Amino acid sequence: MSRQFRDVLGNFPTSVVAITTTDAEDQPHGMIVGTFTSVSLDPPLVSFLADRSSTTLRTITAAGRFCANALAGNQERLSRRMASGPARERFADTTWQASPLGNPVPDGVVAWVDCTVEQVVEIGDHLLVVGRVHDLRVESPGTPLLFFRGGYGDYLSSAGQLLDSLVGWHEIGR
């Protein structure tokens, strides 16, 4: 069931979001999630899910704040490094600016949402982190990085592939 669960849910495209914070020594920390979503307009709340064993999540809860960064279509390399690289190397060769709350915002992201931790809820093998939005901004008109069926793409290339397959399907049906 676990493999089938992953295979079927892999057909739901997700945006690639880097959740970032800094530790007590102002060193940047980050992780990649595909579960970022809005929760409430009043008050403004967002959320993401993180594996219970995440060391980055422990840093986020200790700091009491995080920034959700929508990665751009050309930031796959950064995503891969933040998803699986050693914690101290996740920001290697990455320039970033501090958000109003002091969280890292990597250069080139599409948008970011700066939050304080409002609530953490245990759900299965993950923790649901709810954040209260303090500031947010669109940084670039670029297209977002997406994750679909175990691979990366951006909105335009993914839309192009879909259109190509639909056109091809349409022509075959004639």
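**Entry 1: the E9–E10 pair**

I started with strand E9 (residues 111–123) and strand E10 (residues 126–138), which run antiparallel and are joined by 12 bridges. I take strands as DSSP runs of E of at least two residues and helices as runs of H or I of at least four residues, numbered from the N terminus. Two strands pair if DSSP finds at least two bridges between them. Opposite Trp-112, I found Arg-137 in E10. The hairpin of E9 and E10 has 2 residues between the strands, and Gly-124 there takes a positive phi near 60°.

I note that this is a predicted model, in which local features need pLDDT of at least 70 and side-chain atom pairs count only at pLDDT 80 or more, while totals for chains, interfaces and linings use all residues. Residues are numbered from 1 along each chain as its sequence is written, and side-chain values use heavy atoms, with hydrogens and water left out.

**Entry 2: E5 and its partners**

I followed E10 to E5, and found 7 bridges joining the two strands in an antiparallel run. Ala-50 stands opposite Leu-127 in E10. I then looked at strand E4 (residues 37–40), which is joined to E5 by 3 bridges and also runs antiparallel to E5. The bridge partner of Thr-37 is Ser-47 in E5. E4 and E5 form a hairpin with 4 residues between them.

In the loop between E4 and E5 I looked up Pro-43. The peptide bond that joins Asp-42 and Pro-43 is cis, with omega about 5°.

**Entry 3: the three-strand sheet**

I looked up an open sheet of 3 strands, with the order E1-E11-E12 and antiparallel pairing. E1 and E12 stand at the edges with a single partner strand each, so one side of each has no neighbour in the sheet. I counted 2 bridges between E1 and E11, and 4 between E11 and strand E12 (residues 151–154). Thr-14 has Phe-147 of E11 as its bridge partner. On the other pairing, Leu-146 stands opposite Gly-153 in E12, and Leu-145 opposite Asp-154. E11 and E12 form a hairpin with 2 residues between them, and Arg-149 in the turn has a positive phi of about 50°.

Most residues other than glycine have a negative phi, and most peptide bonds are trans. I therefore wrote down Asp-26, which is exposed with a relative accessible area of 54%. For burial I use under 20% relative accessible area as buried, over 50% as exposed and in between as partly exposed (1.4 Å probe, protein chains only). Asp-26 is not a glycine, yet has a positive phi of about 60°. I place Asp-26 in the loop between strand E2 (17–22) and E3.

Asp-93 also has a positive phi of about 60° although not a glycine. Asp-93 lies in the loop between H3 and strand E7 (96–98), and is exposed with a relative accessible area of 74%.

**Entry 4: Gly-64**

I found Gly-64 in the loop between H2 and strand E6 (65–70). Gly-64 counts as partly exposed, at 25% relative accessibility. Leaving aside neighbours within four places in sequence, Gly-64 is in contact (heavy atoms within 4.5 Å) with Thr-116 and Val-117.

**Entry 5: the largest pocket**

I looked up the largest pocket, which holds about 1,200 Å³ of space. Of its 33 lining residues, the closest to its centre are Arg-6, Gly-34, Thr-35, His-126 and Phe-147. A pocket here is an open set of points on a 1 Å grid over the protein atoms alone, where a 1.4 Å probe fits, with protein on both sides within 12 Å along at least five of seven lines; lining residues have an atom within 4 Å of a point. Grid points are joined across faces, edges and corners, and the volume is the space filled by probe spheres set on the points.

H1 supplies the largest share of the lining, 6 residues. Among the other elements that each supply at least two residues are strand E3 (28–33), helix H2 (55–63) and helix H3 (76–84). I sorted the lining into 14 nonpolar, 13 polar and 6 charged residues. Ala, Val, Leu, Ile, Met, Phe, Trp, Tyr, Cys and Pro count as nonpolar, Asp, Glu, Lys and Arg as charged, and the others, Gly among them, as polar.

**Entry 6: whole chain**

The protein chain has 4 helices and 12 strands. Buried residues make up 35% of its 174 residues.
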